[in-house]
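Here's a quick briefing to read alongside the model. Have the viewer open and follow the topics in turn.

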Amino acid sequence: MVTVVNSKADVLKAAQALSVNLNAAKGLQEVMKSNLGPRGTLKMLVGGAGQIKITKDGSVLLSEMQIQHPTASMIARAASAQDEFTGDGTTSSVMFIGELMKLAEQSLAEGLHPRLIAEGFEIAREETVKFLDTFKIHIDEPLKEREKLVCVARTSLRTKIAPNLADPMAEVVVDAVRTIKQDDQPLDLNMVEILHMKNKLVTDTRLIKGLVLDHGARHPDMPKRLENCYILTANVSLEYEKSEVNAGFFYSSAEQREKLVDSERKFTDEKVKKIIELKKRVCTEENKKSFVLINQKGIDPPSLEMLAHEGIIALRRAKRRNMERLPLAVGGIAVNSVDDLDVDDLGHADLVYEQSLEDDKFTFIEGVKHPQSCTVLIQGSTDHAIAQMKDAIKDGLRAVQNCVEDEAIVPGAGAFEVAAHVHLEQFKRSVEGKPRLGVEIFGKALLVVPKTLLENSGMDVQEKLLRVLADRENKQKVVGVSISSGDPIDPAIEGIYDNFLVKKQMLGLAPVLAEQLLLVDEVIRAGKSMKSDGGMQG
């Protein structure tokens with residue numbers, strides 16, 4: 001017999017290939033299951049060099065874990081794509097794929113063809129997406145509905161960090177998004193600077209409607225604190241520069257050499273003098289104004305000396321991203337030349353002060369009039385607490401952004417999954433033939449979210465879930481599961497809301513991948529034996 005494949009290749013045929021895929025999906029689901037919801041447990045990841053990360057954020061887990069199994073890593077990549085697009089829903093996606101595969105296994109064992117199950121999944125997916133559109137709650141102007149936005153952020157954050165941290169952080173991320181939102185322009189989360197300082201407690205994390213720069217003034221005589229400040233944002237080199245062309249200069253006396261040095265220095269000094277002139281013009285004894293210069297390029301020691309003498313705080317080599325945020329936060333214009341400087345080029349802040357932390361210096365710019373950029377200052381005593389907080393804040397910001405852009409939210413606490421399950425139970429009666437079994441499997445798989453929420457809360461899953469389903473079937477009202485008692489609750493009263501986009505993306509992603517994995521009937525890994533390196537073991 002002639003073989004087309006490399007002789008060393010490993011080939012898994014029909015049932016064997018399917019079982020490999022099923023085991024991978026179920027295995028990954030088991031790992032992620034315990035993380036879901038506010039009562040989920042934490043995972044501790046230890047790196048090769050002993051670095052530790054404690055998290056229950058699905059996307060962090062999937063990106064940090066080294067997954068050997070090809071099918072499992074494919075599911076992980078799909079869930080990570082969900083996170084990149086929506087910022088949430090990774091754990092739910094992995095569990096939904098795992099549950100679809102697990103429930104399909106029984107029908108496959110009874111001889112049902114995978115293609116028919118896949119057809120059923122597709123019919124159910126389309127129907128569920130239509131149902132989601134009717135189930136969502138529309139919000140006309142989300143930015144004015146602060147309470148609803150806080151509920152969405154709180155629901156997202158409670159699944160990442162402890163509730164006593166999540167509740168104040170929810171308000172921080174909502175206020176940050178409301179600060180940076182400009183009319184008729186898309187929301188740009190890059191205008192929120194996330195900065196960390198390793199001191200105090202994580203609960204001291206706060207929103208600063210202004211900016212915090214992670215460096216300070218470079219001259220000991222400069223003031224550490226100024227009030228009522230004009231701020232000049234500049235991208236001008238204020239340091240001695242050599243000439244572009246290699247030039248030789250010959251002198252016969254010390255005076256000539258001094259003249260040369262002075263003339264070279266003069267070029268830079270003129271620029272500094274223009275800034276000082278502007279300062280003297282706008283800051284008078286009467287108006288009690290002070291002056292701050294933030295420059296993207298360098299400022300050399302003689303220039304710093306001149307500026308310090310005039311009582312100006314000067315920061316050099318500011319990061320480019322901060323140069324974009326500064327005019328949005330304090331007003332004014334970022335200037336590229338010191339010619340024709342005017343008071344209109346200047347921004348304003350009530351307070352600029354410097355704070356030192358060991359060797360690091362931080363400059364705070366606070367009390368700005370109409371900020372369109374802000375800073376979330378994360379504080380914490382340990383690296384892993386700060387890292388966990390950073391991930392949570394980013395996810396919280398994305399949750400609020402999704403809500404603002406969708407102008408819609410979905411009741412949480414598993415309410416959508418319960419309602420969609422009940423809806424599909426009725427809908428499957430209208431589906432003819434064997435694909436009906438695929439619709440049934442899809443409906444049952446949706447219940448994995450409320451089931452796991454109950455399981456992670458230590459409840460009797462069957463008893464509590466049946467009560468919730470009965471409530472939905474009989475009263476046709478929105479009903480979710482309570483993680484404290486397991487009883488049916490109204491998510492709107494409890495203030496538990498999910499993102500519409502996250503649910504829609506999950507329904508677009510998970511069933512499609514499950515269909516593809518079910519339809520795989522041959523796995524070929526060429527040139528490498530799967531059995532020897534253990535890479536394909538389920």
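**A buried histidine and its surroundings**

Histidine 421 counts as buried, since its relative accessibility is 8% and the cut-off for buried is under 20%. Keep in mind that this is a predicted model.

**Around His421 and Leu469**

- Histidine 421 is part of helix H12, which covers residues 415-427.
- Setting aside residues up to four places away in sequence, histidine 421 touches Gly443, Lys444, Leu446, Leu447 and Leu469.
- Leucine 469, for its part, sits in helix H15 (residues 461-475).
- Is leucine 469 buried or exposed? Its relative accessible area is 10%, so leucine 469 is buried, given that the cut-off is under 20%.
- Once neighbours within four places in sequence are left out, leucine 469 has contacts with Val418, His421, Val422 and Leu447.
- Go twelve residues along the chain from leucine 469 and you reach valine 481; the C-alpha atoms of the two are 9.9 Å apart.

**Helix H14**

- Helix H14 runs over residues 448-456 and is mostly covered, with seven of its nine residues buried.
- Those buried residues are Val448, Val449, Pro450, Thr452, Leu453, Leu454 and Asn456.
- After H14 comes glycine 458, which has a positive phi, near 80 degrees.

**The six-stranded sheet**

- Six strands make up an open sheet in the order E7-E12-E11-E8-E9-E10, and the pairing is mixed.
- Which strands stand at the edges? They are strand E7 (211-213) and E10; each has a single partner strand, so one side of each has no neighbour in the sheet.
- On average, neighbouring strands here are turned by 35 degrees against each other, direction ignored.
- E8 and strand E11 (residues 347-357) run antiparallel and are joined by six bridges; cysteine 229 has alanine 349 in E11 as its bridge partner.
- E8 is also joined to E9 by six bridges, but here the two strands run parallel. In this pairing, tyrosine 230 is partnered by phenylalanine 291 in E9.
- E9 pairs with strand E10 (residues 313-315) over three bridges, again in the parallel sense, and isoleucine 294 is opposite leucine 315 in E10.
- To get from E9 to E10 the chain passes through H9, making a right-handed β-α-β crossover.

- How many of the six residues of E9 are buried? Six of the six are, so the strand is mostly covered.
- Ser290, Val292 and Ile294 point one way from E9, while Phe291, Leu293 and Asn295 point the other way; all of them are buried.

**Helix H8**

- Helix H8 takes in residues 254-282, which is 29 residues; at 1.5 Å a residue it should span 42 Å, and its end C-alpha atoms are 41 Å apart, which agrees.
- H8 does have a kink, of about 35 degrees, centred on lysine 266.
- The buried residues of H8 are Arg265, Thr268, Asp269, Lys271, Val272, Ile275, Ile276, Leu278, Lys279 and Val282.
- What do those buried residues pack against? Their partners are strand E8 (225-234), strand E9 (290-295) and helix H9 (301-309).

**The three-stranded sheet**

- There is also an open sheet of three strands, ordered E5-E13-E6, with mixed pairing.
- Its edge strands, strand E5 (192-197) and strand E6 (206-208), each pair on one side only.
- From one strand to the next, the twist averages 25 degrees.
- Three bridges pair E6 with strand E13 (residues 374-379) in the antiparallel sense, and isoleucine 208 is found opposite threonine 375 in E13.
- Helix H11 (residues 383-406) lies across E5 and E13, and runs at about 165 degrees to E5.

Conventions. Residues numbered from 1 in each chain as written. Predicted model: local features only at pLDDT ≥ 70, side-chain atom pairs only at ≥ 80, totals over all residues. Heavy atoms only, no water. Helix = DSSP H or I, 4+ residues; strand = E, 2+ residues; numbered from the N terminus. Expected span 1.5 Å × (residues − 1). Bend = angle between axes of the 7 residues up to and from the residue. Buried < 20%, exposed > 50% of the residue type's maximum accessible area, 1.4 Å probe, protein only. Contact = heavy atoms within 4.5 Å. Pairing = 2+ DSSP bridges. Axes fitted to C-alpha atoms, helices over the stretch in contact; angles between N-to-C directions. Right-handed = clockwise from strand over helix to strand, strands pointing away.
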